[in-house]
Amino acid sequence: TVLYKPYQSSVEVKVVLFYPRVVRTGNVGTSTIAEEIAEYSSLSRGDVKNTIDNLITVLTRHLQSSQTVTLEGLGTFRIVMIAGGRGVETAKEVSASQASLTVRFQPCTTKNLDHSVATRSMVTGVKCMRFDLADAA
């Protein structure tokens, strides 16, 4: 179950508005993921951890070569530049120092039987519950 809580928008408007925001309950690291994957496979926890470490190395190399990386069933990783409003007057003046780099992830999409596209397939079927009401359930 995904927990959420009310969040008040920081945008100044005449009416105070609230929106749902996910409550994070912890962080799972590579070792835990490796251990759990090992339970589903014939590989040892160390083999899986080594594979994950190598995946990160290879993924980084491709991203740093301006390539997009798609892992079928998971999603697509890409590097983007965020300029943060520091524009210049001519194209000749544009430089990488105007922006910061970050990695974006887009979860995979699937086609439904009616030919519509289901994005965020990793959240299909998830149930949500308000954090402050979770104990009452």
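In which kind of crossing, left-handed or right-handed, does H1 pass H2? H1 passes H2 in a right-handed crossing, a crossing being right-handed if the near helix is turned clockwise from the far one by less than a right angle, and left-handed if anticlockwise. The model is predicted, with local features requiring pLDDT of at least 70 and side-chain atom pairs pLDDT 80 or more, while totals for chains, interfaces and linings use all residues. Residues are numbered from 1 along each chain as its sequence is written, and side-chain values use heavy atoms, without hydrogens and water.

**The helix pair**

- Helix H1 spans residues 30-40 and helix H2 spans residues 45-63; helices are DSSP runs (H or I) of at least four residues, numbered from the N terminus.
- Their axes come within 8 Å and cross at roughly 125 degrees, where axes are lines fitted to C-alpha atoms over the stretch in contact and angles run from 0 to 180 degrees between N-to-C directions.
- H1 and H2 are therefore oblique to each other (under 35 degrees is roughly parallel, over 145 roughly antiparallel, 65 to 115 roughly perpendicular, and the rest oblique).
- In contact (heavy atoms within 4.5 Å), residues of H1 including Ile33, Ala34 and Ile37 meet residues of H2, among them Val48 and Ile52.

**The largest pocket**

- The largest pocket has a volume of about 210 Å³, a volume being the space filled by probe spheres set on grid points joined across faces, edges and corners.
- A pocket is an open set of points on a 1 Å grid over the protein atoms alone, where a 1.4 Å probe fits, with protein on both sides within 12 Å along at least five of seven lines; lining residues have an atom within 4 Å of a point.
- Ile52, Leu55, Ile56, Leu59, Thr60, Leu71 and Phe77 form its lining, and H2 supplies the largest share, 5 residues.

Notes. Helices (H or I, at least four residues) and strands (E, at least two) are DSSP runs, numbered from the N terminus.
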